[in-house]
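Trainee: May we go through this model together, one question at a time?

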Amino acid sequence: MTADRLSVDLPGLDSLASNLTSIRSAMNATRSTLENYRGQMGSPEIEDALGDFEHGWSDGRKKIDDNANKLATMASESAEALRQVDSNLDAELVRASQPADEGGRGD
């Protein structure tokens, strides 16, 4: 990026939003994942300990989920807004470059 240019990685923002959404989904599926393996983890004590951990971590998971959701929304909305600004600027530049009798300013 040069000093007089603004550059934003729009696909990167889209990817960030998508990755955060995937992380949220995987994180929120821990209970069902544990349930899918019930009886296959070696002992009831291990299952109980994992269940206790999963239950106790729900408050922290909720905070992480809320923040990840907000960040994913901001990234997605920012990318869309920047695309719209870019499109508007492009249209204005095209219009301004046309002769006055074709709808341009005639500069």
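The discussion below concerns helix packing, selected residues and aromatic pairing.

Mentor: This is a predicted model, in which local features need pLDDT of at least 70, side-chain atom pairs count only at pLDDT 80 or more, and totals for chains, interfaces and linings use all residues. Residues are numbered from 1 along each chain as its sequence is written, and side-chain values use heavy atoms, with hydrogens and water left out.

Trainee: Are H1 and H4 roughly parallel or roughly antiparallel to each other?

Mentor: Helices (H or I, at least four residues) are DSSP runs, numbered from the N terminus. The axes of H1 (residues 10-28) and H4 (residues 58-97) come within 8 Å and cross at roughly 155 degrees; axes are lines fitted to C-alpha atoms, for helices over the stretch in contact, and angles run from 0 to 180 degrees between N-to-C directions. Angles under 35 degrees count as roughly parallel, over 145 as roughly antiparallel, 65 to 115 as roughly perpendicular and the rest as oblique. The two helices are therefore roughly antiparallel.

Trainee: How many nonpolar residues does the contact of H1 with H4 have?

Mentor: Ala, Val, Leu, Ile, Met, Phe, Trp, Tyr, Cys and Pro count as nonpolar, Asp, Glu, Lys and Arg as charged, and the others, Gly among them, as polar. In the contact of H1 with H4, five residues are polar and five are charged. The number of nonpolar residues is 14.

Trainee: Is Leu-20 buried or exposed?

Mentor: Leu-20 is placed in helix H1 and touches Ala-68, Leu-71 and Ala-72, residues up to four places away in sequence not being counted; contact means heavy atoms within 4.5 Å. Buried means under 20% relative accessible area, exposed over 50%, and partly exposed in between (1.4 Å probe, protein chains only). Because its relative accessibility is 14%, Leu-20 counts as buried.

Trainee: Which residues is Arg-24 in contact with, leaving aside its neighbours within four places in sequence?

Mentor: Arg-24 also lies in helix H1. Its C-alpha atom is separated by 21 Å from that of Tyr-37, 13 residues apart along the chain. With neighbours within four places in sequence left aside, the contacts of Arg-24 are Asp-65, Ala-68 and Asn-69.

Trainee: Is Ala-26 buried or exposed?

Mentor: Ala-26 has its place in helix H1. Between Ala-26 and Leu-89, 63 residues apart in sequence, the C-alpha to C-alpha distance is 39 Å. At 53% relative accessibility, Ala-26 counts as exposed.

Trainee: How many charged residues does the contact of H3 with H4 have?

Mentor: The axes of H3 (residues 44-56) and H4 come within 5 Å and cross at roughly 45 degrees, which makes H3 oblique to H4. Glu-54, His-55 and Gly-56 of H3 make the contact with Ser-58, Asp-59 and Arg-61 of H4. By class, there are no nonpolar residues and three polar ones, and the number of charged residues is three.

Trainee: Which residues form an aromatic pair that is stacked?

Mentor: Rings of Phe, Tyr and Trp (its six-membered ring) pair if their centres lie within 6.5 Å; planes under 30 degrees apart count as stacked, over 60 as edge-to-face and the rest as tilted. A search of the whole structure finds one aromatic pair. Its separation is 6.3 Å centre to centre, with 10 degrees between the planes, and its members are Phe-53 and Trp-57.
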